[in-house]
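Here are my notes on the model. Please read them with the structure open.

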Amino acid sequence: MCLGVAIALRLRCRYTWIVFARQLFVNRPHCPVAETSMPKHAYLTAPVPSSKMPGGIPYIIGNEAAERFSFYGMRGILVTFMTKFLLDASGEPAYMDEAHAKEVYHQFVASAYFFPLFGAVISDVWLGKYRTILFLSLVYCVGHLALALDETRIGLYAGLTLIAIGAGGIKPCVSAHVGDQFGKTNAHLLGTIFGWFYLSVNFGAFLSTMITPRLLKRFPQWLEANAPADFVASLGPIDRLGPHLAFGVPGLLMLLATWVFWLGRNKFVHIPARGWTEVNAVLRGEGGRALLRLLPIYAFVAVFWSLYDQTGAAWVLQAEKMDCLLFDYPIFPQALHGYEALAEEIQSINPVLILILVPFFTYIGYPLINKVFPLTPLRKVSLGMFLSVLAFGINAYAQSLIDAGGMPSIWWQLLAYLVITAAEVMVSVTCLEFSYSQAPREMKSFVMSTYLLSVSAGNSLTMAVNWLIRNTALGSQLQGAAYYWFFTFLMLAAATVFIFVALAFRGQTYLQEEQPAHS
């Protein structure tokens, strides 16, 4: 009986992977009945008229939560890994200095937001969004595997390259795939769903930034203190266990994300790839004009991202020099006194604040502002830019205290997180919805990827500044608080000029056409 069960399970597993591979390369669902009984197009290729939530949305939201866990979990510990855990081929420490680690970090983020352009071309020209997401998700998984197994620079660069290709390639397709599920009848739900989509991103990010730093730093210590000595010895050097766990767990979550997305294949609306001839025609006509209208907007948004994405690098390194005893104040219960947060897990406040601020601005903040100051999408973006100026000003002040030999409370950085997260809601959530609505129907993925190039450009700017700090005389001028003040005033200048760019913008809204509901 056991043998029969084992054979049955093996056949079932093989059957599942055959179906999975079939879905990856053939844009038709598998059906156990004869192929001749199947309709030629078994997938929906356009939304049906409905005022309800599309059936594929829960699978996209679940996929996004798991995928973001994997990405932010890996990214959240990256600077710490490079400065404290990186080894050479002989197993000896080969740590990077802070400026070099920040440079590599921002080079990776820039790449991860550059490859969306290639993912969009693959999606819009050849494979469509569903198969592009599925195929590149597997590349993404291999990247996590490389990081988890190899602690040298070879593993680091190989893993980061594959993750940049995978994560970047699927990024415009996933957000555009959300919008594709909606037609004109339920278009009123689009803003709400993009809000929930962003919430799923930050739910995954919160869990990962709380868990992966502890896997990296504290779980090996706990294991050494509590597990049997023979078991601990069998694991090898205990101080090298952390990176394997901290990179391996996000990899498993990425594998889960891929599986969840595959489960929703028969619920999704699959907008067919248009082919290069049609895409080229759209780019030369309506699509090209839409891109030209949006590019000036994206150029200024890039400066915002050059500041925001430093929360995963410069802010982590700054937190290591601050007093991270969160609750040693009379207002907190005595039982919480003495708790010291890890520098890497301070980032987890960002997704928590997102979970609070997205509904706050949607249902309270924006309606109140609208009563005295009519809010357009670009006005929201403009307000977010000025808030980011304030956030970096707060961190610049905290850094000046560090430069003077003090150890300021981490609450200064938490205040900066509150401000820059409010800015993120105004800039990032708004730009996602705005970019989708301003993109011609045939070019949704391509325009979304062009927006993501603003993130790449912003991180390239930060990478270039850190390269100059390492390799030129500028390094002596942009140390400590001066580094933060430089980006503060850069953002202030960009935000001021953006006011006039926004006033001059004239756009056009595009949504997917509907097809008749099945009787």
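1. Axes are lines fitted to C-alpha atoms, for helices over the stretch in contact, and angles run from 0 to 180 degrees between N-to-C directions. Helices (H or I, at least four residues) are DSSP runs, numbered from the N terminus. The model is predicted: local features need pLDDT of at least 70, side-chain atom pairs count only at pLDDT 80 or more, and totals for chains, interfaces and linings use all residues. Residues are numbered from 1 along each chain as its sequence is written, and side-chain values use heavy atoms, without hydrogens and water.

2. Helix α2 (residues 57–76) packs with helix α5 (residues 116–149) at an angle of about 35 degrees. Their axes are 12 Å apart. On the α2 side, Glu67, Arg68, Ser70, Phe71 and Met74 make the contact (heavy atoms within 4.5 Å).

3. Helix α18 spans residues 481–504. It gives the largest share of the nonpolar patch, 6 residues. Trp485 has its place in this helix. Trp485 is partly exposed, because its relative accessible area is 36% (buried is under 20%, exposed over 50%, partly exposed in between; 1.4 Å probe, protein chains only).

4. Helix α17 (residues 444–471) holds Ala464. Why is Ala464 called partly exposed? Its relative accessible area is 35%. The C-alpha atoms of Ala464 and Glu103 are separated by 7.5 Å. Along the chain, these two residues are 361 apart.

Conventions
Helices (H or I, at least four residues) and strands (E, at least two) are DSSP runs, numbered from the N terminus.
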